[in-house]
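Subject: Structure handover

Hello,

Here is the structure I promised to pass on. Please open it alongside this note, and then read on for what turned up.

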Amino acid sequence: MSYRVITCATHKPVQDYYCFEEFVKSLNGHDAVNLAGLNLGIWGVLASKTKFLRKALQQNLITDDILIVTDCYDVVFTKPLEELIEAYRSYNKPIIASTEKNYWPEEGLKPEFDKHNFPTSFKYLNSGVIIGERDAFVTILESMDLDNYPDDHRKEDGQMFHSNDQFLYGNEFVKHPEIMGLDYLCKVN
């Protein structure tokens, strides 16, 4: 079984509130695939992460069995990746997404999450760390209809539309609970 950390870093941030250097150190020598560096398209903000991942999988640029898809500006690993994989497997789902206490974004999926009887207050999907089988990611990403999901733009009423990978993954959790589970016990966070 092979696994790979996958992230999307458009630049090395200089602001001290980002923890990019700490993220790299927390990999403890493991390589991460940076989707933003693979020339997979034009960065269109947050939804680009899902679009780039789908394209990399379609082109077989990533062939590992298990994918650890993660942010890199505000995430660090606090345990060895092997332990993370073990924690992921304890949920017995093809894909597990990290969780948080507050629901975001405000696109209306909150009632769908609230229907589940999770034993903790960590019941809302957070797309900061998602671990899963390669084939399950392919299924979920194809289900997202990414070719028709817009990048950030100004709507006719003047309001901004902000594309969002967290909303996309949250929608897939609602549609495919047999494929996606939530890390409500915070084992992989």
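Please keep in mind that this is a predicted model. I start with the pockets, then go to the sheet, the helices and the cavities.

**Pockets**

In the lining of the largest pocket, the largest share comes from β5, with three residues. Strand β5 covers 124–133. Helix α6, residues 165–175, also gives at least two residues to that lining. In total, 19 residues line the largest pocket. Nearest its centre are L46, K49, D71, Y73 and D74. The space in this pocket is about 350 Å³. What is the lining made of, by class? Seven of its residues are nonpolar, eight are polar and four are charged.

The second largest pocket holds about 240 Å³ of space. It is lined by 16 residues, and D74, V75, S98, G128 and V129 are the closest to its centre. Strands β4 (95–100) and β5 each put at least two residues into the lining of the second largest pocket. That lining has six nonpolar, six polar and four charged residues.

**The sheet**

Now the sheet. Strands of a sheet pair through backbone hydrogen bonds, either parallel or antiparallel. In this model, six strands make an open sheet. Their order is β2-β1-β3-β5-β4-β8, and the pairing is mixed. The edges are β2 (32–34) and β8 (180–182), each of which pairs on one side only. From one strand to the next, the twist averages 30°.

Here are some of the pairings:

- β1 and β3 run parallel and are joined by four bridges. I6 has V69 in β3 as its bridge partner.
- β3 and β5 pair in the antiparallel sense, over five bridges. Here I66 stands opposite E133 in β5.
- β4 and β8 pair in the parallel sense, over three bridges. I96 stands opposite G181 in β8.

Is β3 enclosed or open to the outside? Five of its five residues are buried, so β3 is largely enclosed by the rest of the structure. In a regular strand the side chains alternate between the two faces of the sheet. On β3, I66, I68 and T70 point one way. L67 and V69 point the other way. All of these residues are buried.

**Helices**

The axes of α2 and α6 come within 8 Å and cross at roughly 65°. Which residues meet there? From α2 they are K49, T50 and L53. From α6 they are D165, L168 and Y169. By class, this contact has three nonpolar residues, one polar and two charged.

**Cavities**

Rolling a probe the size of a water molecule over the atoms shows where empty space is left. The count is two cavities of 30 Å³ or more.

The largest cavity has about 110 Å³ of space. Its lining has 13 residues, with K49, V69, T70, D71 and D165 nearest the centre. K49 and D165 also take part in the contact of α2 with α6. Five elements each supply at least two lining residues: β1 (3–7), α2 (48–58), β3 (66–70), β5 and α6. The lining divides into six nonpolar, four polar and three charged residues.

The second largest cavity has about 40 Å³ of space. Y103, W104, P105, L109, F113, L125, Q166, F167 and G170 line it. Helix α6 gives the largest share of that lining, three residues. How many charged residues does the lining have? It has none; seven of the lining residues are nonpolar and two are polar.

Best wishes

Notes. Residues numbered from 1 in each chain as written. Predicted model: local features only at pLDDT ≥ 70, side-chain atom pairs only at ≥ 80, totals over all residues. Heavy atoms only, no water. 1 Å grid on protein atoms, 1.4 Å probe; cavity = no way out; pocket = protein on both sides within 12 Å on 5 of 7 lines; lining within 4 Å. Points joined across faces, edges and corners; volume = space filled by probe spheres on them. Nonpolar A, V, L, I, M, F, W, Y, C, P; charged D, E, K, R; others polar. Pairing = 2+ DSSP bridges. Axes fitted to C-alpha atoms, helices over the stretch in contact; angles between N-to-C directions. Contact = heavy atoms within 4.5 Å. Buried < 20%, exposed > 50% of the residue type's maximum accessible area, 1.4 Å probe, protein only.
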